[in-house]
Amino acid sequence: MSIIGIGIDYSNICKDYNTAYLDRDNTDPATSKCMKQVLAWTKNFISEFLESFEYEVHNFSSSVPATIEDIASKRFLFYSLEKEIMLQSYVIDNKYIEYGSLSAWAENNNDSILVKNDEDGGLISFFVSENSKAHLWLIDKLKDFSIDEIEFLAK
């Protein structure tokens, strides 16, 4: 199966804010409000997926357990002008599997979702096998969003 990447730009969540200006260190009320909306949406969205599939969140490159809060965090989702952003990935699956590389995940992902942040901190990406249960679930839940197709790069 081929891998499909779905990018959710934060402008889908913050309708009245230019999300190109999100900086996790900014305490401006409008910026804070938008970031809180994105954090809440992410937490709810991931929670709903976990409940639907009875999956868990796992670090991609470590067996150290991860949580919804790791994904729904300012550090993961938003850029910082002072600290920049660390590109990270999480896998949502029913058990931890050590893949070793993105290409290994792509070949053996078994209906899991790979969650990646963005170098500019303006969107969150979900990668799944095309037409898998997880893919169909994502498409249904995001039907009211304008989504970006993101190319899967196994590097």
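Phe45 and Phe126 are both buried, where buried means under 20% relative accessible area, exposed over 50% and partly exposed in between, with a 1.4 Å probe and protein chains only. The model behind this is a predicted one, with local features needing pLDDT of at least 70 and side-chain atom pairs counting only at pLDDT 80 or more, while totals for chains, interfaces and linings use all residues. Numbering starts from 1 along each chain as its sequence is written, and side-chain values use heavy atoms, with hydrogens and water left out.

Back to those two rings. Phe45 also pairs with Trp137 in a tilted arrangement, 5.4 Å centre to centre with 50 degrees between the planes. Rings of Phe, Tyr and Trp (its six-membered ring) pair if their centres lie within 6.5 Å; planes under 30 degrees apart count as stacked, over 60 as edge-to-face and the rest as tilted. Since Phe45 belongs to helix α1 and Trp137 to helix α5 (residues 133-141), this pair ties together parts 92 residues apart in sequence. Phe45 has 7% relative accessibility, so it counts as buried, and Trp137, at 12%, counts as buried too.

By the ring rule there are 14 aromatic pairs. One of them is Phe45 with Phe126, again tilted, at 5.4 Å between centres and 55 degrees between planes. That pair links distant parts of the chain, with Phe45 in helix α1 (residues 29-53) and Phe126 in strand β5 (residues 123-129), 81 residues apart. Ring pairs join up a whole cluster: Trp41, Phe45, Phe49, Phe53, Tyr55, Phe126, Trp137 and Phe145.

Now for the chain as a whole. Five helices and six strands make up its secondary structure, taken as DSSP runs numbered from the N terminus (helices are H or I, at least four residues; strands are E, at least two). From the N terminus, the order reads β-α-β-α-α-β-α-β-β-α-β. The radius of gyration is 15 Å, close to the 15 Å of the globule rule for 155 residues, so the chain is as compact as a globular protein of that length; the radius is taken over C-alpha atoms, and the rule is 2.2 Å times the number of residues to the power 0.38. Buried residues account for 52% of the 155.

Leu77 sits in helix α3 (residues 74-77) and is buried, with a relative accessible area of 0%. Leaving aside residues up to four places away in sequence, Leu77 touches several others, including Tyr10, Val38, Ile85 and Ile124, a contact being heavy atoms within 4.5 Å.
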